[in-house]
Structure formats: structure tokens, C-alpha cells
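Try each task yourself before reading its solution.

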Amino acid sequence: MKFRYERLPNGLEIVAEVTDSALSTSVGFFVKTGSRDESDAEWGLSHFLEHMVFKGTAELSADEINRRFDGMGASANAFTSEEDTAYHAAVLPDQQDEATALLARMMRPALRDDDFATEKLVILEEIRMYDDQPPFGADDRCRATFFGRHPLARSVLGTVESIQALPVEAMRDYHRRRYSPSNIILAATGAVDFQGLVESARRWCGDWEPLAVPERRVAGGPRPGGNASTLEIVHRPASTLEYAVRMSAGPAGDDDDRFAAKLLSAILGDTSGSRLYWDLVDTGEVEQASCHHQDFLDAGMFATQVACDAEDVTDVLARIEEVYRKAADEGIDEPELEHNRNKLAGRWVLLGERPRRRLFDVGPEWAHSGSYRSVADDLRTIENLSVDDVRRVLSRWPLHGTAATVLAGPRPQDPSVNGVSAAQ
Amino acid sequence: MKQSLFSTTLDNGIVLLGEDLPGLESVAIAFHTPAGAIHDGPGRCGLATLSGEMMLRGAGGRSSRQIVEKLEGSGVQWAQSVSTSHASFAGAMVAKQLAVALPIYADILRRPDLPDDELEPARQMVLQNLAGTEDDPAHRVMSTLRQLHYPHPWGMPSEGITVDVEGIGLDSVREFVAANVRPQGTIIAVAGRIDWDDVVRRIETLFGDWTIGGGATVTAGNRGPRSRHVPHDSQQTHIALAWSVPPYRRDESYEASAALSVLGGGSSSRLFSEVRERRGLCYSVSAGYHTLRDAATAVCYSGTSAARAQETLDVMLAEIQRLPGTIEPAELDLVKARAKSALVMQQESSAARAGWIAKQWYHLGSVRSLAEELARYDSLTVASVEAWLAANPPTGLTVVSLGREPLEVPDEVSV
């Protein structure tokens, strides 16, 4: 496994983790843009643009793009998050050039008026689809409260209203500003022909005009979390279970404690074999009780997700709080740490041997930190974590106490809390 | 492509399959025992799922917690599931941990405690999961579709029915496990960095003297009505359609799945192009192939806002009806390219390959090599797919919708 790097004169960076024995090649363009980079008037634009990129360029129609990907046997898709927009394809190695060329050409989309109008309907359907699914918007609302005035407060999809209000000109302007070559990483994993990758990039991306892109981190700006706990209730009478999302502060993506935080969240709230699992899931008291750590450029959080009977939710949340408090008071012991280290190490080795999965580590890692971490680097890091590291995370970022919580489900609104009606 | 496939049958009937994938560091193993939901029995829908859950709750002297901690502490990613035909216990791990994991799986299959004090927690867990599926509209519409379309009990939901699960006693669980978790009909598949001779030795030691008999045959009952609307307070209406196609073990299943792939397999497929790309009617639309051993269905799905659901259904039906006689050579080429690439990439996942070789054995009684599987796709022609479509046009559709308002469904959809 070898790491390779190259930078074009216009600023486009090319990174690859080359595994000669791999059977496939994965290629992706990772654009350093997402919902956090939108203004209020642009809410939902990053994700909408991701869809529009598949609608074609001046020379390629949407049908042609779809036919070409299918003709390569590519597994091609895209995603948008708070901080990244990624376009990717997994192909057999002999299709690397064609996949790279097609993705590269798509990065300069036509953004036609009629496509914009049709695709707007698809985006609205996607919003409705998620609104019909658990946790019925509790996650977006919780993020909005937790992050407050921080740019990460904005949901990725936007709302029906924000999408309907978007003009195509705003998308063209956003694309011009955010899809500068200096703001894009071309990443590849698997059986990569690196020289060929660089040549493709020169040919298809070499004439992209670079623009200065503003700093994304919020220095000294609004901090997430606040000083007081909040509770909001979204009333969804047709729902069977009550869903709860709870967020508290955690280490950010540039904090060395983020690895210990991931180990801690596995100990406390992994979907099997964790403290929450044995206390609540194994006993059949809840459908779900889990916790994970998520980090961003300049912020981090522990997110707890619960699904249970509506009448039990207050009690369940109190017991989760108690699990978190006990961990902070008593710490964790060596056998529990060892067990979870092995569990995560096993998981990472398995994920690491699939190039199409590795792309989503290598690409975003470079986009966020400008550095490369091999699977072996991650395994070494986790192997060296101690009970003291976990204790330090618990002391710096206690999971009990201050948190933003949102419930969604059949539970009637309590007049003593900040209730909201379901957006329909 | 060089491929190392192995198989052997133990004296007690267990089929052991292996594939050596030397590029990998991992091994995946899956135990498929014939304790699937078709054996639930009347009024006990969910018995197989509850039994599968109970098997993990103490075995061979280890408690439920000790089992999980031993597996996870060895870096084993474990999974347990119950399908129509099988109860399955699986694990993926770094190769050297296979020796640690195998005896635990042997305990789960051969020596489950099925303790009295774990029944209620296990039942509550199954009921919680059922409540969760009530909140998943896409799952509900597909589950209803299977119930109506397949003859009883093949379409029954393996996750169970609340009222049935509430009434199942421990005796039923014990009887179910004794009758259905047995060597005859069990398939063990292992793929990844394996030493085949070593695997055979270990499996023979752990399972060779397992000699439970039994096993019931299930007779096919009636199918449900042709269409149903499930009232649900959601913004979107979910639409699911099914018609019968040949099961995987029949040679013409390749023609059938190729035709379905043209209809709704990739982003260049007809449904995606017409329903989503051109009309913007929905976010999700697809067609796929779902097979049991003796029956299979073509399944189409879409979810869209209530006001546009009728148009979506009408366009889907029109595309299905338009399919025979119109397949272009270029469309079939795309199907072949996608299938070939997916098969090769599957080799990068030990878990995917363990699942695949087990599936092949269950359906065919043998494992086809990758070369043979690819050759079958290569030999497809427009003429062969069209000939199959002409003889088997989509007809007798089952149509299910879920949402606020029912849709108008034609009495009989045929071409």
C-alpha cells in the first residue's frame, strides 16, 4: 500500500492510496463545500447542486452520463454533508481513465434552467421522504439548536421553503465560487495507475480557473452547545415509537482526543456490546439506544439516538444520563478498554480492505486536514490509547449534563417545554 | 480469473463451502441453518426470529454477554438474522481469529441454553423491532407486497406479527429449535484468507457428531388479493408492484433479471430515466429481482408525494407494459457491464463472497465459478431476452400502496 500525491498548478490536489493487489479502483472528486458554506439564502444549495452535476455539461446530457457510468460497470454516486460534497465511482481498473474523465467533466456542469426546475421537484421529494422517516426531523432540529449561530446548524437538505425559493442564478454563482480547483481533491484508492490519474487530471482539470476560497473554520465565533440544556418536542401523532436525539460537545476534527472519543462512544453506546446496549437494548426496553462521536473542522459532538415507547422516553433519557455520569465518575477499566480496542481494530481492518470504502476515509481526511492516514496508522493510534486518555476525554467533554435534546413522536407536547408542531 | 472454490459434505449432511481470497487479511463465515420463518406455524408468526434471538442468549456455558464479549473482544463483527428459509449466524474477522470464533458458533447452534429468564427480554426486543418497522413506510409497503404475492407462508414477515409474538411460549421456542436447527440442510460458508484443510478439520471436530434429525415440510397455501391500500399518515405515497418470474435455479432467470435490469436496474434504466430524470416525479424508483428457491418475483418500488402518486403508478405500469419487444442491444450491453463489474468487485469482500457461495448452494446445489457466472451473462442476447419476455410477459401484477389516499389500480395489468 503506497500513498501518492501531486498538485496541479491551478491548485487541484491529487491523492491516492495504491494497493496493487486490489481488483478495483475507486475514484472521487471531493469538493470542500457543504451546508456550512451556504448563506441563509443558499440553504440546501450544496446538495441540490450535487444532483444537478448529474444533469450534464454543455456537451454531455444526463442520459449520456448515466449510460456511460452503467457502460463502465461503475458503481457511481455522490453525497453531500455539512462539510463535503463528493462524487465517486468504483470501477474495474481498466476503466480508471474513463471514470476519472467523466467525473472531471461533470465538475463543470451546464446548470440548465429546465433541468433545474425538474430536479427541484426531485429534491422536494427527497425532503418529504426523510420527513416521513424516523427520527422525523429530530436530528436536524437538534443540530440546529446545538449549533445555534454556528454555520454547522444548517441541515444539508434545506427545507421545502428554502428549496422552492432558490433561483438558478444562485446555484451558478455558488458553483463558480466553491468549485475552484484549489477547493477540490481528486482522490483514488485500490489498483490505481497514479501516473494515469495525474495525466487525466491535467487533461480534464488543468484549465479550471482558480479562485481564492475563504477560510471555513469559525475562529472565536459562536461555539456549539451553549451553557444550558434544552428540550424540544416535535409532535408526530402517527408515529409508533418516540425518537430522541441528544447532542453534547466533543472533540473537533483537529483535536488529538478525537480517537479516544470514538473509543469512548463505542464503550458507551455502540449498537451492540456497549453499556447502553446491555442496559437498554438487550433488555428489550428500547428499540435503539446508541451514541457516536462526530467531528467537524472546528467542532465535535457526541450524538445519542433513542427509539422507544413514548411513555418510557423520559425515564430512558434519565437512565442514559446516569450511564454517562457513572462513566465520568468511575472511568473505565482496562479489560473493557481492551475489548473495545480489539472491536474497533477488527472493524477497521475489514473496512480497510475494500477500496471503495477506503476512498471515504482517504478523500475527506485530506480535504479536512491535508494529511494521509493509513489503516496501519489508525490501528497504531487505537492500540496506544489508555484508560487515562479516555478519562481525559470524559473530563474535558462530559456526556452528562449540558445537552440539546429533541423528541419526535406520539408523545403529547408538554407545555413546560419548548414544543413545536410537525412541519407538514 | 483464478478462483479457489471448495466444498465438502459431512456425514450428517452439513454442507461446508469455502473460497480462498488470498488478497484479503480477513475471513468471513456464515452458518445458515434451515430454521427460517416458513416454519413459524399458524398463529406464531415471528417464532423463528424469537428463537434466533434466544439462541444468542446463553450457549455452551457462556451467558449472552460472555458470548458477545468473546466475539467482539476478538475483533469479530457478528450478525444474526432470520429469513424466510434460514436462521443465519455470521462473523467477519482477521483470519487468525477464526479459531476463536468457531467454537462459539458451534455452541450457539448445538448447545443453546434457551433459558426461561431470557424469554421476556428477547420477546420485548423482537416487539421493539416490530414497532420500529411500523414507522418505516418503505419497509411496510414491501412487506405487504410479499405477503400478498407469495403463496402462504412464503410471504409472511420473518420479523413477526405483534399479536403472535406476544403469545409465544418457551416450549414453542425449544420445540422450534430442536426441530429446525439441525445438520441436514445446514450450509456453512467460509471465504477470505482460509486454509481449507484446517477449516474442514475444525468443522468436523465441532460439528461432525451432530446428529439431530427431523425437519418439517411446508405446503404452499393461498396467495393474497391482487391489490391493497394501506392507510398511513405520511406525506409520500409508497407504491410497490410484483409479478412472478422464474427462480434463480432456473436457467431463464438470467433473461428475467436482465429484463428487469433494463427496466429499473441502474441510473440509465427506463424507470429511473422516465419517472425521475424526465418527469421529476420521485427521489427513489427501481425494479429488482427477488428470489426464493421455488418462486421469484419482479419487484418495482417508488415513493412520491400523494398528489403525484397516481401519475407515478401510471408511468411505472406503462414502462412495464412497453418492455416486451423494445429492448435495445445497447441496453443489454449496459446490463452485462454492470453485472460483470459487480461480480468481480464482490471478491474484495469476504462477507459478500461467503454470502454468495452459500446462496448459490441453497439455490443450485452447487457453486458456479465466477467464469461460469460471467459466461452466462455474456451469452445473453436481445433475442434470448425478448423470447423469454414474449413467452412470459409481465402479467398478474400485485399492487400495494401506502399513504393517505388509495390509488386507482387497473383490474388486470397485462400486455
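**Exercise 1.** Work out how H2(A) and H3(A) are oriented to each other.

*Solution.* Step one: in this predicted model, the axes of helix H2 (residues 62-71) of chain A and helix H3 (residues 96-106) of chain A cross at roughly 160 degrees and come within 11 Å. Step two: angles over 145 degrees count as roughly antiparallel. H2(A) and H3(A) are therefore roughly antiparallel to each other.

**Exercise 2.** Find the residues through which H2(A) meets H3(A), and sort them by type.

*Solution.* From H2(A), take Ile65(A), Arg68(A) and Phe69(A); they meet Leu102(A), Leu103(A), Arg105(A) and Met106(A) in H3(A) (contact means heavy atoms within 4.5 Å). Sorting the residues of this contact gives 5 nonpolar, no polar and 2 charged.

**Exercise 3.** Describe the aromatic pair of Phe29(A) and Trp208(A).

*Solution.* Start with the rule: rings of Phe, Tyr and Trp (its six-membered ring) pair if their centres lie within 6.5 Å, with planes under 30 degrees apart counted as stacked, over 60 as edge-to-face and the rest as tilted. Over all chains, the count by this rule is 18 aromatic pairs. Phe29(A) and Trp208(A) lie 6.2 Å centre to centre with 50 degrees between the planes, a tilted pair. The two residues are 179 residues apart: Phe29(A) sits in strand S3 (residues 25-31) of chain A, and Trp208(A) in the loop between helix H8 (194-205) and strand S7 (230-235) of chain A. Finally, both Phe29(A) and Trp208(A) are buried (under 20% relative accessible area, with a 1.4 Å probe and protein chains only).

Residues are numbered from 1 along each chain as its sequence is written.

Methods: Chains lettered and ligands numbered in written order. Predicted model: local features only at pLDDT ≥ 70, side-chain atom pairs only at ≥ 80, totals over all residues. Heavy atoms only, no water. Axes fitted to C-alpha atoms, helices over the stretch in contact; angles between N-to-C directions. Helix = DSSP H or I, 4+ residues; strand = E, 2+ residues; numbered from the N terminus. Parallel < 35°, antiparallel > 145°, perpendicular 65-115°, else oblique. Nonpolar A, V, L, I, M, F, W, Y, C, P; charged D, E, K, R; others polar. Buried < 20%, exposed > 50% of the residue type's maximum accessible area, 1.4 Å probe, protein only.
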